[in-house]
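Here is a short walk through one protein model.

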Amino acid sequence: MSQSLYVHFHPDERPFVDRALEWVERAAERHATVVTDFLDPRQQFILQSIAGREPDAVLRLDGGYPEAERKRAVIVPAYRDPEDVDCDIAVLAVEASGGKFLELDHGDYLGALLGLGIKRDVLGDLHVRDDGCHCLVTEEMAGFLHTHLTQVHRVPVRTDILPRESLRVVQPEMDVTVITVASLRLDGVASDAFRVSRSKIMDPIRAGRCRVNWKTEEDPSARLEEGDVVSLKGYGRFKILKVDGPTKSGRLRVAIGKFI
């Protein structure tokens, strides 16, 4: 089964495909209950594709709130209800010592957490506010982070572990701009979105540093569509919000939302 699956995924995704196959096999054949770490949307898609081929296993996804981007998966034998298994998600509340106003962003909090030597997989979505951040984390890692996270970008912080019901959801902020492009080619849209030359944007794409909807995309000529999310290491992430056109000159007007 695994060999026929590999053709559907990027070579870089093969290790995760192997892990997903093993998780599903454990549930279906060994009657085990599997709770994964947090998965990005592409990993969720891969796991759902594999689980969908196996009638003896079922799964559910949970990221701590309905609109979560990163989610944990529960995989159980088909005779069990995955809703009966807790995903063990906690909220790590981070606040500035003394309640000072923080001008910290998502990258500051993520960098401070990863700087403690943990894997990205144990962290879910981060909800950044003016006065701090609510970080969704695995319950297994919550105590460690509570003890060791003492500063974010040189700002002293204090932490607390809260039940997931206390989560304060913050919708991600976007810097919206409208660009005009000749086509929806990846390199053309990305060069305008990140304001770098088309020639400069092609090298990181070909080097495998670009993801479209969380899937690695190495073809600069790949066509984008409305709703696509594009991330490029070292540059940031944007979403195609709307495509209008063509204009009188034959170009397309594209509304881009860059994640702040």
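In this predicted model, strand β1 runs antiparallel to strand β3, residues 71-77, and four bridges join them. One place to look is V35, which faces V74 of β3.

That pair belongs to an open sheet. Its three strands come in the order β1-β3-β2, with antiparallel pairing. Strands β1 (34-39) and β2 (57-62) are at the edges, and each has a single partner strand, so one side of each lacks a neighbour in the sheet. Neighbouring strands here are turned against each other by 20° on average, with direction ignored.

Helix α3, made of residues 41-51, lies across β1, β2 and β3. Against β2, α3 runs at about 160°.

Next, turn to strand β6, residues 132-138. Is this strand mostly covered or mostly open? Mostly covered: seven of its seven residues are buried. G132, H134, L136 and T138 point to one side of β6. C133, C135 and V137 point to the other. Both groups are buried.

Which strands pair with β6? One is β4, residues 89-96, which pairs with β6 in the antiparallel sense over seven bridges. Here I89 sits opposite T138 of β6. Another is β5, residues 123-129, which is also antiparallel to β6 and is joined to it by five bridges. In that pairing, V128 has C133 of β6 as its bridge partner. The chain passes from β5 to β6 through a hairpin of two residues.

Technical notes
Residues numbered from 1 in each chain as written. Predicted model: local features only at pLDDT ≥ 70, side-chain atom pairs only at ≥ 80, totals over all residues. Heavy atoms only, no water. Buried < 20%, exposed > 50% of the residue type's maximum accessible area, 1.4 Å probe, protein only. Pairing = 2+ DSSP bridges. Axes fitted to C-alpha atoms, helices over the stretch in contact; angles between N-to-C directions. Contact = heavy atoms within 4.5 Å.
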